[in-house]
Amino acid sequence: MVVQAKKRELKEAQRRKKQQEERCRVEESIGNAVLTWNNEILPNWDTMWCSRKVRDLWWQGIPPSVRGRVWSLAIGNELNITHELFDICLARAKERWRSFSTAGAEVENEDAGFSAADREASLELIKLDISRTFPNLCIFQQGGPYHDMLHSILGAYTCYRPDVGYVQGMSFIAAVLILNLDTADAFIAFSNLLNKPCQMAFFRVDHGLMLTYFAAFEVFFEENLPKLFAHFKKNNLTPDIYLIDWIFTLYSKSLPLDLACRIWDVFCRDGEEFLFRTALGILKLFEDILTRMDFIHIAQFLTRLPEDLPADEVFVAITTVQMQSRNKKWAQVLAALQRDSREQEKGSPSLRH
């Protein structure tokens, strides 16, 4: 018994030593990457960001200490939003909150076509959604250190884009940005991110364009996973059942936060295509399990993915996904489907008159 106990003790000591060595290796790797990003890449962003060396380093995950700066640069600021504009939008949002909280207050309709009731519903939805944002972290809920920041960004956005307003799912995107950027820069990145074609299609609920995105996704789904694609078709399982939630929150609600941030890293580099490539990677990872499930169980599984998904396994699966179909890349397939959709609309008898 003593000998066995000593063996177990030795084995446990070896395991702990191995873990410690692995931790040290990872920390050293992150430290080296931080130096490379800070000293070589960020000061020479315009010439270096698209180089092979940087793309390879990017794929391995951006170190948390430089992640926010890299995301900001990669997302860009095509809308030319300034910190001053954020302050103006936030001031307007705060004024509205005060107006709505005053019983019987008359609210001036500053935005033609958007009623006070619409805006009030939007503000109420923000309050409700903030309490549901990363509840396990307890930092965005009432009284948490990031609650007011999240509330500010979402409120300011409803004033900046009253035509879009607040849509469920936005709180997760804003929260991830807040964890990596200060409030004003998070707002700038948030507004520009939501202005990208894919995000705008989903958040404005442009059904026609959403269906085109789903159709493009299915082209690559069938190409990469024909067996699973056929199984989904047989069970009438359409992409909207699982893709909408993934795309709306950029995976931040569906995946562990550290993994979601790595997905964001490459999404900032590669654009919308990577969101759909990630979806195919997830399906690839669980292909064997999913092919044995029926409609209900597939839908349940994909809308509540395992909480302990290892990032390395997901990225290995994503690597095997080919985003090329009959020599056409994602953007070409999507553009062709959009053209077909427009031509069908023109040819529709109901639209000729």
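Residues are classed as buried under 20% relative accessible area, exposed over 50%, and partly exposed in between (1.4 Å probe, protein chains only). The structure is a predicted model, in which local features need pLDDT of at least 70 and side-chain atom pairs count only at pLDDT 80 or more, while totals for chains, interfaces and linings use all residues. Residues are numbered from 1 along each chain as its sequence is written, and side-chain values use heavy atoms, with hydrogens and water left out.

The model contains 11 salt bridges, a salt bridge being a side-chain nitrogen of Lys or Arg within 4 Å of a carboxyl oxygen of Asp or Glu. One of them joins Arg-269 and Asp-270, with an N to O distance of 2.7 Å. Arg-269 is buried, at 13% relative accessible area, whereas Asp-270 is partly exposed at 27%. Through shared partners, salt bridges link Arg-55, Arg-269 and Asp-270 into one network.

A further salt bridge pairs Lys-53 with Glu-40, their closest N and O atoms lying 2.7 Å apart. Lys-53 belongs to helix H3 (residues 52–59) and Glu-40 to helix H1 (residues 2–41), so the pair ties together parts 13 residues apart in sequence; helices are DSSP runs (H or I, at least four residues) numbered from the N terminus. Lys-53 is partly exposed at 46% relative accessibility, and Glu-40 is partly exposed at 33%.

Within helix H5 (residues 83–101), Glu-95 and Arg-98 form a salt bridge of 3.0 Å, N to O. These two residues are three apart in helix H5, which means a separation of about one helical turn. Glu-95 is partly exposed at 42% relative accessibility, as is Arg-98 at 47%.
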